[in-house]
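This report describes one protein model in plain terms. Look at the overall chain before turning to single residues.

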Amino acid sequence: MGLSGTLSTFPLTDLLQWMGSARKTGTLAVRGERYTKKVFLKEGRIISSASDDPTEQLGQFLLSHGRISEEDLRKGLETQARTKVLLGKILLMIGRIEEPELRRLLVMKAEETIFSLFLWSDAHFEFADGELPDQVFVPIGLDVQDVLLKGVTIVDELRNVRRAFGSMATVLARTSKPVPPGQPPDRSIDRSVLSLVDGRRSIADICLALHASEFTVGRLLIGFLDRGYVAVSRREEARGPGRRTPDRPFVSPHALVARARERLARGDHDQALDLLHEALAVSPRDLEIKKLYDEAAEAFREDAYAHHLPPAKIPRLASALKDLTAEKLTPQEMFLISRMNGTWDLKSIIDISPIGEVEALRLMKKLVERRLIELE
């Protein structure tokens, strides 16, 4: 039988404990304000995970840990689109990673997905009893009890990260304390994170540059903070769900949805998405709003590729990179621009970016409309 509810009434720890002790087989889907994450179980053991958070997808995870390059990912995704073979299997077949290493990283990825869910106190969940994906490549077989025991410590660390840094917009700087020789090790994600702390980049910027999640980067940065290698340069507090700036009065989710439907009827998917995102910030558990948001996102995606952003077109800067310094560009826009090498087509750049496909398409569309890039 299936089961659904919210994590505020049925906490994730209790939910996983029940599925493990009852030796359940099926798919647990947890829907947050922005992303949906899934945990797959067979006879009470976790065999795999999935997430539509781009930084938690396999290709981005392998990139962030330095196991593949962006070109490896681009080629792998291109092959996957053509053959429908799973990305992990493609990377094994072309020799970019060995199976033991892939299995180890898949365990880390599954744990990261689950541990991040421990902080989702107000999300909606559904357990589809007996349902599993058609393909689970390299099943991992994690014991639920082991994950829960490890999760207690990890969640404490994540709460410390949020207390110490406030939000992802916080900026850190290096201190004068020297780092011991050989620490962190060369080519490790630890060293990559530390090398990007410069008093200008925010934590979000570092995550973007490394294709890494808040979970991974935050845990490493709190370690560097505790050891005195970095310090908070500019702290930014997190905005709570539904919090608005003083110059923008509160609008009910019902009114926002009504406006969004009007925009959708006129084909203005961009505005509809903005309105629905605002509605979800106020009512993150409303599945009807989430469903409408997903429909609007898919409509935007289809329209963008068909009429505005042909996937095979090659994006190029309309002027020299140095001339863009006067433009107000977001870190996400700068990331996309930095990957425009005159060879990769638009779809390739979007595929390898740690930004959701629809969000990346919206950014590309705005760059074209501002005449900062051209499509050839």
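Of the 376 residues of the protein chain, 45% count as buried, where buried means under 20% relative accessible area, exposed over 50%, and partly exposed in between (1.4 Å probe, protein chains only). This is a predicted model, in which local features need pLDDT of at least 70 and side-chain atom pairs count only at pLDDT 80 or more, while totals for chains, interfaces and linings use all residues. Residues are numbered from 1 along each chain as its sequence is written, and side-chain values use heavy atoms, with hydrogens and water left out.

The protein chain has 15 helices and 10 strands; these are DSSP runs numbered from the N terminus, with helices (H or I) of at least four residues and strands (E) of at least two. Its radius of gyration is 21 Å, close to the 21 Å from the globule rule for 376 residues, so the chain is as compact as a globular protein of that length. The radius is taken over C-alpha atoms, and the rule is 2.2 Å times the number of residues to the power 0.38.

In soluble globular proteins, nonpolar side chains tend to be buried together. Here the largest nonpolar core has 84 residues. Such a core is a set of buried Ala, Val, Leu, Ile, Met, Phe, Trp, Tyr and Cys residues joined through side-chain atoms within 4.5 Å. Helix H5 (residues 99–117) gives the most to this core, with eight residues. A second, separate core of 20 residues includes Val197 and Leu220.

Leu361 is among the residues with the most contacts inside the largest core. Leaving aside neighbours within four places in sequence, Leu361 is in contact (heavy atoms within 4.5 Å) with residues including Phe300, Tyr305 and Ile350.

Most residues other than glycine have a negative phi, and most peptide bonds are trans. The peptide bond from Gln183 to Pro184 is cis, with omega near -10 degrees, and Pro184 is in the loop between strand E7 (171–174) and helix H7 (189–195).

Glu262 lies in helix H10 (residues 253–265) and counts as partly exposed, at 44% relative accessibility.
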